[in-house]
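Dear colleague,

I am passing on the structure below, and I would be glad if you could look through it alongside my notes.

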Amino acid sequence: MDRLDREILGILQGDARISYRDLGVRVGLSANAAADRVRRMLRDGVIRGFTTIVDPAADTRGGLVVFIDITLRQDTGNDEFERAVAKLPGITEAVHVTGAYDYLVRARAADPAALDSLLRRLKTEAGVAQSSTRIALRAADRPGAPGGL
């Protein structure tokens with residue numbers, strides 16, 4: 001990856017729907033050259049995909065969006081944990097992080113009882129020793145960035 005690739009990634013992170021023509025204009029390339037770079041980064045796994053960010057207030061599924069900081073038991077490995085959480089309902093993302101916790105998990109629960117059930121399953125089925133849960137109230141908008149944060 002070079003400086004131009006990093007610049008393209010920054011633009012795509014702000015607006016993944018930008019046309020190759022507009023992307024090329026912003027970085028000083030033709031539309032075809034910009035498209036080739038994006039395709040190469042997709043092929044090489046630098047770009048793992050594109051997503052849609054939905055405002056939690058507009059999400060019709062309802063329920064709670066939660067962030068769970070997780071510490072694994074000493075006898076639980078990362079691969080084992082990741083396989084286990086992939087099978088649990090409601091978990092939308094699990095990120096291995098630095099700091100006081102091992103993982104940050106984002107999940108959706110229909111109500112507090114469903115959240116309680118998920119937390120219990122994390123401890124019994126995924127090797128979690130300790131967790132700290134935060135409930136999302138709303139997503140803050142970031143001026144000038146499509147889709148908020």
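This is a predicted model: local features need pLDDT of at least 70, side-chain atom pairs count only at pLDDT 80 or more; totals for chains, interfaces and linings use all residues.

Residues are numbered from 1 along each chain as its sequence is written, and side-chain values use heavy atoms, with hydrogens and water left out.

Helix 1 (residues 3–14) and helix 3 (residues 31–43) have axes that come within 11 Å and cross at roughly 85°, which makes helix 1 roughly perpendicular to helix 3 (65 to 115 degrees). The contact (heavy atoms within 4.5 Å) is made by Leu4, Asp5, Ile8, Leu9 and Leu12 of helix 1 together with Arg37, Val38, Arg40 and Met41 of helix 3.

Threonine 76 lies in the loop between strand 1 (64–72) and helix 4 (78–86), and is buried, with a relative accessible area of 8% (buried means under 20%, exposed over 50%, with a 1.4 Å probe and protein chains only). Its side chain reaches the backbone oxygen of glycine 127 at 3.4 Å. Leaving aside neighbours within four places in sequence, threonine 76 is in contact with Phe81, Ala126 and Gly127.

Phe81 is also one of the buried residues of helix 4, with Ala84 and Val85; seen down the helix axis, the buried residues fall within an arc of 95° (taken from the directions from the axis to the C-beta atoms), so they line one face. Asp79, Arg83 and Ala86, on the other side of helix 4, are exposed.

Best regards

Conventions:
Axes are lines fitted to C-alpha atoms, for helices over the stretch in contact, and angles run from 0 to 180 degrees between N-to-C directions. Helices (H or I, at least four residues) and strands (E, at least two) are DSSP runs, numbered from the N terminus. Angles under 35 degrees count as roughly parallel, over 145 as roughly antiparallel, 65 to 115 as roughly perpendicular and the rest as oblique. A polar contact is a pair of N or O atoms within 3.5 Å; within protein, one must be able to donate a hydrogen and the other to accept it, and residues adjacent in sequence count only if both atoms are side-chain atoms.
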